Amino acid sequence: METKRTYILGIESSCDDTAAAVISDSIILSNVVASQSIHELYGGVVPELASREHQKLILPVVEKVLKEAGISVNDLSAVAFTNGPGLVGSLMVGTSFAKSMSLALDIPLISVNHMQAHILAHFIDDPENDNPDFPFLALTISGGHTQIVKVNSAFDMQVLGETLDDAAGEAFDKSGKVIGLKYPAGPQIDKLSKNGDPNKYTFTKPKVDGLNFSFSGLKTNFLNFINKENRINENFINDNLNSICASLQKVIVEILMDKLVLASKQTNIKTIVICGGVSANSKVRSELKINSEKYGWKIHIPKLSYTTDNAAMIAITGQLKFESELFSDLETSANPRLKI
Ligand code: KG4
Ligand code: ZN
């Protein structure tokens, strides 16, 4: 007897991207992300505005993704959604939408941890993705999180270290704001750094024991440095923008790599994956390659569209949970502080 093909819809609404994707047999059939540009006006994500935008965008985004996948809503085998961590109002939009679909279509509901999903994006079947072997270490670096996770299997993960304050993406974005860059500053700093001297300025690295991170000291150090130089030369930023960016990027990436090297030594695990928006950074990628040669690491860098917030990662996690029948019930609610 022919087995019915499964189609799983993934929905992501944890922060400021309203996203949906359809997966079948680990292959992404369609992947739609509507990024909310409204937050650029405010220099960061405004939670209240984010939930309102999700409410406006979620139906058109889901309609579009089903159309692009060439399936009807009645073909769906299950609906997976992010239930945390994230902004509560944003999460509630995706949660309510997914619950309604599950109830109306009488299909299983699957709740997904956003941080697990960033890691499991590596298991999407895609020519640009290369699936890692267990166990491996994952460095998840985004605008909201910075973690090193030991991944024993798809749903057996252990956080070895995380940030005590700001996330790596915030270190880029908040420092970028100080030098007049628009939110999110990370990609612009990456671009401007290409024409700068990374050794021109030195910023202090935090002293944090073990595998945890801290970026708030760097932010203050950077702000004080800019203020001091501005007092001497009011055009300091304009005159030196590329090198300021390159020097800042250098120290952020060093902080990340120092801990990753330590984690690999402590666990003796040499399969390393990176995930989250900041893993798009060109210096993160180049330093990872240098370290892979130095330490004999097998590294996995995901396809760009699976690094920043997306629903393809929710859909692959949904599929893995579907195969293990890890379903949720309609009592499931958004959990802004959900842990791995
Ligand atoms: O994973 P993501 O899309 O959303 C969160 O879950 O936060 O990550 C967004 C973060 C932002 O802080 C953005 O500045 C940063 O990723 N980012 C980058 C680059 N591309 C995105 N940071 C540095 N270099 C990049 N090329
Ligand atoms: Zn994320």
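This briefing looks at the nonpolar cores and the ligand site of a predicted model. Local features need pLDDT of at least 70 and side-chain atom pairs count only at pLDDT 80 or more, while totals for chains, interfaces and linings use all residues. Residues are numbered from 1 along each chain as its sequence is written, ligands are numbered from 1 in the order in which they are written, and side-chain values use heavy atoms, with hydrogens and water left out.

**Nonpolar cores**
- A nonpolar core here is a set of buried Ala, Val, Leu, Ile, Met, Phe, Trp, Tyr and Cys residues joined through side-chain atoms within 4.5 Å, with buried meaning under 20% relative accessible area (1.4 Å probe, protein chains only).
- The largest has 43 residues, and Ile179, Phe215 and Leu256 touch the most other members.
- Elements supplying at least two residues each include β6 (136–141), α4 (168–178) and α7 (236–267); helices are DSSP runs of H or I, at least four residues, and strands are runs of E, at least two.
- The top contributor is α7, with 15 residues.
- A second, separate core holds 31 residues, among them Phe136 and Met157.

**Around ligand 1**
- Ligand 1 is surrounded by 20 residues (a heavy atom within 4 Å), and Gly143, Asp173, Asp190, Gly277 and Asn281 are the closest.
- For polar contacts (N or O pairs within 3.5 Å), a polar side-chain atom of Asp190 sits 2.9 Å from a ligand nitrogen.

Technical notes
Buried < 20%, exposed > 50% of the residue type's maximum accessible area, 1.4 Å probe, protein only. Polar contact = N/O pair within 3.5 Å; in protein donor to acceptor, adjacent residues only side chain to side chain.
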